[in-house]
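Hi everyone, thanks for coming. Let me put the structure up and then talk you through a few things.

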Amino acid sequence: MTDTSPQSIITDSQSNLQIIKDVSSNLISSLSGGMFSFAMGLMLLHDTKSPLSFGLETIISPIVSLLFLVPVGNLVDKYKHKFILVSSILLRIIFLLIFSFSINMFFGIYKLIPVAIFVTINSISTNFSTTAYSASVHELVNDKKIQKLSSLSQSASALSSILAPVLGVALYALIGFRFFIFIEIIATLVSFAILLTMNFYYEKRENYSKTKLDNAISGFSNFKNGLTYIKERPLIKNIVFVAVVINFLFTAITVGMPFMIVTRLHDGNGPVGYIETGFAFGLLLGSLLMSILPSDKYLFFKFSLPLPLMGVSMALLGLLIDVFHDPLRISLYGFLIVMLSGFMNGIFNVAVNAKLQTSVPTHILGRVVSILVTAVTAIMPVGTLFYTFLFQKIINGSNILIFSGIFLFVYAFIFGFSIYRDVITDSYSKT
C-alpha cells in the first residue's frame, strides 16, 4: 500500500524552500510587530502618562487565551491550517487600517480605548495563527526538517526581540506613531504574500469518519477529547506541568529584576536592558544550535539538562544582585547569567515543539497546542501578582530570586528526568 502521508510527499529540497519562506515571514512579522508594540507603548506613555502603557497587552492576552481556549483548538483541528492563517492575517490587516484612522479621534487617557480594542483583536488573531502554525509544521516540511524549522523560526523571534526595542525607539522618534502603523501594515502584507506562496501538504483523513469531522466544532465535549488525550500521554502531561511552573517562577525575574535594580539599587534602566538582551541572545544561540543538532540524538541534553540549569541561573541572578551593587558588574554578569538561561530555554522549547509536532496526531494537535499555550499564558498574570506582592513586602528581594531558583532547580531536576524517561518510552506516533 502506497504511503500518501505528507511526510512521504515532501522532499528535502521542498522542505528547505519552505523553511526559507517561513523564517523570512516570521522574522518580518515578529520584528515589525515587536517594534510596533514598543512604539505603541511609547505613544501611550506620552499621551496618557498611565502605568498601563506597556502592560495592556500582558493583561488582555491571557484573558483572550482563556476565553478562546475551546474554539481555537476546535477550529484549528477542523479547518485547513492555511485558511486559518490567511484569515487571521487578513483580520489583523483590516483592524490595523481601522486603528490607523481612529487613533487620532481620541485624546489623553481615552486613547486606551482604541488601543485596548486593537490589542484584543490582535490577541485573537495571534491566538489562532500561533495555534494553527504549531499544528501545521509537519504539513510544511518532512520529519527530518521539523526541528530545523522550529529552531530557525525561534531564532528569528529571538533576533527580533533583540532588535525591536532599539529600532522601535529610533523609528518612533523619526516618523511618529501614525506612520508607524502604515509600516506595520506593509510588513504584514509582505508576510501575507509569503504565506500565500507556501504549500501545505495535508494528510488524507480517511481514518476519520465524516461525522467526526463535521462535529469537530461541536463545543466543549469535543475539546474534552484534547484534555483526555493529554491525560493519556504522560510525556505531554509532564510538559504542560513543567511549562506552567517554569513560567510562574520566571515572573520573579520579570517583576523582581527591574524592581530591585531600579528601585532598590538605584542603578538606572541600563542594566535592565542589558540583562533582558542577554536572555534574547541566549535564546538565539540555543535555537541556532538546535538547527544543526540531529533531531533523534542528545535527548538527555535537550530534555533534562536545560530545566535545572534555568533554576541555577535564576538563583545566580538573585545572588548577583545581593552581592554587587554597581551597574557595570550587574550588567556584565547579569547578561552572562540570563544568557545561559535563554540558551537552555531555546534548546528545551525547540525539542518540545519538535516532539509534539512529530508525535501528536494531526486531528487533535490543534487542541493540544491550544491547551499548552493557554496554560502557560494564563499563569503569568498570577505569577506577576504573586511576585509583585512579595517584592513589595520583602526588603531583600534578592532572596526571593535565590529561593525561587532553588525551588525551580529541585522541581526541574525531578520532572526533567521524568520527561526524559517519557521521551524514551513514549510509544505514540501519528495515526
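So, V410 sits in helix α16, which covers residues 398–425; helices here are DSSP runs of H or I, at least four residues, numbered from the N terminus. This is a predicted model, where local features need pLDDT of at least 70, side-chain atom pairs count only at pLDDT 80 or more, and totals for chains, interfaces and linings use all residues. Residues are numbered from 1 along each chain as its sequence is written, and side-chain values use heavy atoms, with hydrogens and water left out.

From V410 to S341 you go 69 residues in sequence, and 16 Å in space, C-alpha to C-alpha.

Now helix α2, residues 12–48. Its 37 residues reach 52 Å from first C-alpha to last, close to the expected 54 Å, the expectation being 1.5 Å times one less than the number of residues.

Zooming out, the chain has 16 helices and 0 strands (a strand would be a DSSP run of E, at least two residues). Of its 431 residues, 51% are buried. And among contacts with a separation of 6 or more, 86% join residues 24 or more positions apart, a contact being heavy atoms within 4.5 Å. Finally, the C-alpha atoms fill a box of roughly 70 × 55 × 40 Å along the principal axes.

Conventions. Buried < 20%, exposed > 50% of the residue type's maximum accessible area, 1.4 Å probe, protein only.
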